[in-house]
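Good morning, and thank you for joining this meeting. I would like to walk you through one part of a structure, beginning with a single residue and then widening the view.

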Amino acid sequence: MQKEVKMGVETRIKELCAGQELYVKTLRRYFHENPETSLKEYGTHQRIVQELDMLSIPWKRVGECGIIGVLDSGKPGKTLVLRSDMDAPVSYTHLTLPTK
């Protein structure tokens with residue numbers, strides 16, 4: 001029974017993710033086409049804030065460009081933290097090579 005439930009959850013997760021493929025690719029392209037160096041991620045910050053607001057995810061600013069978004073189930077238990085860097089290395093390849 002537990003294996004059947006797990007398979008059902010995995011299938012549902014795959015279905016939900018498949019429906020978001022274009023959205024995720026669009027965001028990835030935006031970030032790759034608009035790279036910003038460390039501590040100067042103003043456009044990246046603004047875009048992430050827009051996305052969090054659109055998804056009704058509360059957030060707070062950390063420093064000048066950092067963001068903490070909070071997904072809270074409201075239930076007691078363990079906490080999961082995901083961390084990501086937003087800066088891009090200094091590079092000029094984005095000026096001449098199309099993104100895929």
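Let us begin with Arg47, which lies in helix α3; helices (H or I, at least four residues) and strands (E, at least two) are DSSP runs, numbered from the N terminus. Please note that this is a predicted model, in which local features need pLDDT of at least 70, side-chain atom pairs count only at pLDDT 80 or more, and totals for chains, interfaces and linings use all residues. Residues are numbered from 1 along each chain as its sequence is written, and side-chain values use heavy atoms, with hydrogens and water left out.

Is Arg47 buried or exposed? Arg47 has a relative accessible area of 18%, so it is buried; the term means under 20% relative accessible area, with exposed over 50% and partly exposed in between (1.4 Å probe, protein chains only). Not counting residues up to four places away in sequence, Arg47 touches Leu27, Tyr30 and Phe31, where contact means heavy atoms within 4.5 Å.

Thr44 counts as buried because its relative accessibility is 6%. Its contacts, leaving aside neighbours within four places in sequence, are Phe31, Asn34, Glu36 and Met86.

Now to the helix as a whole. The buried residues of α3 are Thr44, His45, Arg47, Val49, Glu51 and Leu52. What covers these residues includes α2 (21-33), β1 (59-62) and β2 (66-69). Finally, α3 is followed by Ser56, whose phi is positive, near 55°.
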